[in-house]
Every structure is written in structure tokens, then in C-alpha cells.
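Here are a few notes to read alongside the model. Have the structure open as you go through the points.

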Amino acid sequence: MPKILGVDVGGTFTDFFLVDDQTGETWVHKVNSTPDDPSRAILSGVNALAPRMSDGLSFLAHGTTVATNALIQRRGGKVALVTTAGFRDLLEIGRQTRPKIYDLKVDNPAPLVPRQRRFEIVERIDAKGEVDTPFDASQIASLIQKIKDCEAESVAVCFLFSFLNPHHERLIGQALRDQIPDIEVSLSSDIQPEFREYERLSTTVLNAYLQPLVGRYMTTLADALEKKALGCKVGISQSSGGLMSIDRAAAVPIRTALSGPAAGVTGAIALSKLSGHQNLITFDMGGTSTDVCLVSNGQAEMAYARNVAEFPVRLAMLDIHTVGAGGGSIAFIDRDGLLKVGPRSAGAAPGPACYGQGGTEPTVTDANLVLGRLPAQLVGGDMRLDIAQAEAAIENLGQKLDLGLMETAHGIIRIVNSNMVRAIRAVSIERGHDPRSFTLAAFGGAGALHAVEVARELDMPSILIPPAPGILCAEGVAAADLEEAFVATCRTPLNGSLDLVRTSATKLLQEADTWFETEQVATSLRNKSLAFDMRYIGQNFELTVAKDELADDFLDPASLRSSFLAAHKTKYGHSDPDAAIEIVNVRVVARQLRPPAHRTSLSHADQDSSGPEAAGTHSVWFNTDQPHESTIVDRATLREGDSLDTPSVISQFDATTLLPPGYNLSVVSGGSLLIEARK
């Protein structure tokens, strides 16, 4: 069974990427998403691809937005919280930082666990991991009854310094599982055992909040796939870009909070290896939002703390910046009388006005259609766009602005492009990177349509469009490695004894080996990486410095200092070689490597042997002066080595690529399109 299926569930479409590991042949497919039950869309796509999987399916990799949507919409489970006595209100107190420093009316979101469902236990572990106040088991009976009475679906347990000594947390966790078998339990020492009490607490609560919903979804999905008798393993995409088992995803759903966007970055990294462009800024523009991430030397930037749906999360995640700008973003006149675009989106239903499903508000997709940048048919002809309804929606907006049809459409495009340019600046210029040194890797359903204009604003020299830009997230998740992360806090001055750090690293490497055995990973496919969180003593934030765990000097102080100083200079523009440095955390990542399949052909589920559509011409408005007669090109007719140097609209099953005047396009290795400004 050599075939692997990647599935990415988005807000508008669910995408499929099927690859034969032996022959390299690939197929792509799209169906409308089913937000009420994402598994229905997955089964629909599996049915469409069934003829291609007659010899079986070995692996199904899945990027999901279930956790993300649950947090955004606040529709998770009913959670109870158990804390060390005196820390019941930490979840509400949080940090002193405000969401918007200059808006005194905006406050942090209400805690997901109300005060009446927060319970205290008398116990205390001190800062050295030693027992300060012993745990009294007589408290358990009362706690169990309180949790039963409040009818909680899940419980989060977070004790002080449990990342150093989890014994008390585990006693409570075992009692809960024994006496309330149906309840979900999240222990902070299992979810993220590292220091920073509030962030660890928040992450654990979020995990407990997601467990009932995501657990049910994972069970539904597993049962549905079992009924299809596919007989395959299932991997769920993590926010770090790797995969985990479906059971692990149900237990630690917070790791899937950025599952879908991370899959796109993974796909872009695989693309960089084929094209030779190792420095990328990924530009994933979908129907609702745009996700950007910086990839340097083939490695994506990582973040270990960020907000998801306004809540702090402390986990390893790809450093993805998201902005509410997509094809479905709605254009409107704000209270200040100015034209704005997004973050509100028309979504999949009713969708943009041109979808003909009842939408009447003008969107980015409507503007592109009016300007001639989109063909009248999408998804291989399965979806027809109504230009009359798009024009009506934009004309109605233009009348309020005293602008003509084309001026209004151009205004919508320029504003949404500006929103996305700011997002790219956030992951590049604001973090010490010059975007002019990077290639813009554009994908998603709308990325290739806006890529050239976005790159022009940033003076980026080149744009890379993958063979199936609208399916790259599904392709990325199909190429991802099975992965598990381990972390331990071991604050130690770099100029002191590093025995604690060495002991912690050795223990984590052993845990990684145990994970390999549990997952039955072949020795030849095992990979371990080691990294240290470091900072100047007195700093509040760390920088992660990667090291080769196989090297004899992985704890050499001079080497670690040099690596940290280089990272600090890149991040902040300066470093102090004489200042004292400390190691805060040690991190180990274990991966089951999967070699990327060699692409030989690309087709979609219902494509037979019929030839490509004939090329034609079409009037496209690249500016407000006049339209340009542009060539309509079927991407299926383009082969490696081909080039275009005239204004063109390149159409394919899953996306549309726009080539404005003044740019050249060439087809490079792996079938990607390389667009460069004409010199």
C-alpha cells in the first residue's frame, strides 16, 4: 500500500493531495468544507479518490482547524480547574500587559473557567522541586464530589512548580481518572512541563477546554475511516509542523491550534528543497485569512510562546503570523468614512457575491473577478462565478465612496495587499531580516493571485508558485514527519557547572528513544535534535539555540556562548560578549523521517485523458488607467524550461496565478513557477 493521502480542512474548502510513494504520481482534489462535521468533507474526498486507491492507502495525514475554530468561537467543553491553594485566581489575574495598551475599554477575554469551577488543594512544591507542604490524600474525596457536582466534562490540574516535581499532580490525575472514568484530565506536567506559571496554567486550561470537542471529532473520524476499511495509519498535523497519532491529538489537542497553517509551511519547505530557494517567506492566502512565516536556510522560524484566540499558549509552534485578509474578506466603509477590508469574511456560506449563494457584500474575490484577474470558472469548472452579482456588490460600495466600478475594485485589492504586506514585515523586518533577501513562496487559493503586487511593495526580487498552490497545505501535511517534543527547565549560569543541564538533556534523549520504541520507528528513520533556551541573566525572554546532540561538545560553554551571541545580534541588532548568560530550558525533538516522494505528474480526481483547455486572451485591469489584453494559459500545458514574458492569467484546478506587465515567468525544477521582475 504505497499511497499517502494529505488532507487539509479549511474554512471554505477541504483539500486533498494523494501521492504514490513508489511511482511519484500525484492527484489533487477539493470539496466544500462541512463546518458542522469536518469528517463528512473528508469522506467525500476519499470517495472521489477511491479509484486511485484501489491498491490501498498506507497513511492519511490530516491538518485540522477544529481546535482553532473552537477557541475562536468559544465552544469548547465545560472545564474545572484544580490549583495549589492560594492560586485559584491566577487564571484571571494573568499578566499586567493589556491587549491594547491605548484602549482602556478593551480588557483580556473572560477566563474559560469561571471562579465557581476553580478548586484549591493544600500542597506545595518549592522552587527546587522539593516538597514544602505535603499532599493530604483526605482532600481527594471532597474534590471529586465538587467536580461531579459542577458537571465538568474535563479537568485541568496545575500546581506550583509541578514542572520540577509532578508527583502531586499525578496523584490528583490518577484519582480523577479512577473515580470519574468519563472525564478528560489535563496535567500541566504532561502538557508543557516548563517554568512560567501563568502561561503553563493557560495552556493546560486550553487543552482541557478542547479535549471534549476534539476528542469526539477524532473518535468520529477514526470510526468513519475504519468503516471505509482503508486500513491506514492516521497522523494529525501539529502546530510545530510535525505529525502525531490520532490518540495523541485527542489527548493533547492544544498542539493542533495552528495545525493547518503549519502544514502549508511544511509544504513550502519541501518546495524549497526542490527549487533550490532555501530562503523563503511563505504567503498562504486562503478564503478567510493569510498566514506568513519566514524560512531561513530551509528551516522555519519557531516560537515557543504566543497568543491563540487571545489566550497565551506555551508550546513549540511554527512562528506563523496571521492576518484577517483572504479571498472572502468583506470590504466596507468604517465609522471614520474610510474603506476597510476584513477581517470579517463571507466564509463558505454565503460566500462572496459572485458565488451566487445569497452573499451581497463585496469581497476581495468579487474585486478580482471584476478586474478580470479571475476566470469565470473555478475548481476545474465545477464552480461558476457570477460577474454581474460581483459588479452589483462593488458598484453599491463605490456609490457610497463616489468612485467608479474599477476604482472601487482596485481600492479593495490595494487595501487587502497592504494588510498582508504588514504581516510580512512583522515576520521579517521587525525580527531582523531583510525581505529583499528572500523569495516569496505564494500558495493557498488566492496567494498566487496577489503575490506579485505584495512582493513589489516589499521590493522582493522573486516569487515562487508551487505546482498546486491551492493544495500545498494538504501536500505539506502529506510530507510531514511524525514528531514528539520534550522539554525540561534547568536554569543554570553558563559559567557554572552544567551537570544539571547535561542530566536533563540525557533524560530527554532517553525519553525520545522510548517514544521511538513505542511508535515502532525503524532505527534508520530515527532523528533527534537538541536545543537550549538561553538568555542574558536578568532578561525576561529567551532565544533558542540549536545544537547537534551527537557532537561531543554540545555543552561546550564557548560554543554555546558564540551561538547565543549570534542569535541575539540577529534578533535584536546587538549583543554583549561580556554579559553573563544562563541556560533556562533544554529541548529535544524526536522525528520519524519520511523521505519526500518524487513528483512525476499532477492530476485531479476527475481528470481523465482529455487535453488541456485552449489558450485565449482576456482584458485584465492591472491599474486604473486601462485594461491590458492578457493571455489565458492553462498551467497543465506548461513544462519545465517554459517561460512567459507577456501579461498572463495562468489558470489551474486549484488556483489562479497573475503575471502583470514587467515580469517574466519560468517553470523551474519540480514544476514550480518562478516570477521575477524584468531588468
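**Notes on aromatic pairs and a helix packing**

1. Let's begin with one residue in this predicted model: Trp515 is buried, with a relative accessible area of 12%. Phe516 is buried too, at a relative accessible area of 0%. Under 20% is what counts as buried here.

2. A search of the whole structure turns up three aromatic pairs. Among them is the pair of Trp515 and Phe516, whose ring centres are 5.5 Å apart with 55 degrees between the planes, a tilted arrangement.

3. Another pair is made by Tyr536 and Phe564, and this one is edge-to-face: 5.1 Å centre to centre and 85 degrees between the planes. It links distant parts of the chain, as Tyr536 belongs to strand β28 (residues 526-536) and Phe564 to helix α16 (residues 557-572), 28 residues apart.

4. For a ring with a charge over it, have a look at Tyr304: the charged end of Arg587 sits over its ring, 3.9 Å from the centre.

5. Now to the helices. Helix α1 (residues 38-49) packs with helix α7 (residues 197-227) at an angle of about 25 degrees, and their axes are 10 Å apart. That angle makes α1 roughly parallel to α7, because angles under 35 degrees count as roughly parallel. The crossing of α1 and α7 is right-handed.

6. Which residues meet where α1 and α7 pack? From α1 come Pro38, Ser39, Ile42 and Leu43, and they meet Tyr217, Thr220, Leu221, Ala224 and Leu225 of α7.

Note on methods: Residues are numbered from 1 along each chain as its sequence is written. This is a predicted model: local features need pLDDT of at least 70, side-chain atom pairs count only at pLDDT 80 or more; totals for chains, interfaces and linings use all residues. Side-chain values use heavy atoms; hydrogens and water are left out. Rings of Phe, Tyr and Trp (its six-membered ring) pair if their centres lie within 6.5 Å; planes under 30 degrees apart count as stacked, over 60 as edge-to-face and the rest as tilted. Buried means under 20% relative accessible area, exposed over 50%, partly exposed in between (1.4 Å probe, protein chains only). Helices (H or I, at least four residues) and strands (E, at least two) are DSSP runs, numbered from the N terminus. A charge sits over a ring if NZ of Lys or CZ of Arg is within 6 Å of the ring centre and within 35 degrees of the ring normal. Axes are lines fitted to C-alpha atoms, for helices over the stretch in contact, and angles run from 0 to 180 degrees between N-to-C directions. Angles under 35 degrees count as roughly parallel, over 145 as roughly antiparallel, 65 to 115 as roughly perpendicular and the rest as oblique. A crossing is left-handed if the near helix is turned anticlockwise from the far one by less than a right angle, and right-handed if clockwise. Contact means heavy atoms within 4.5 Å.
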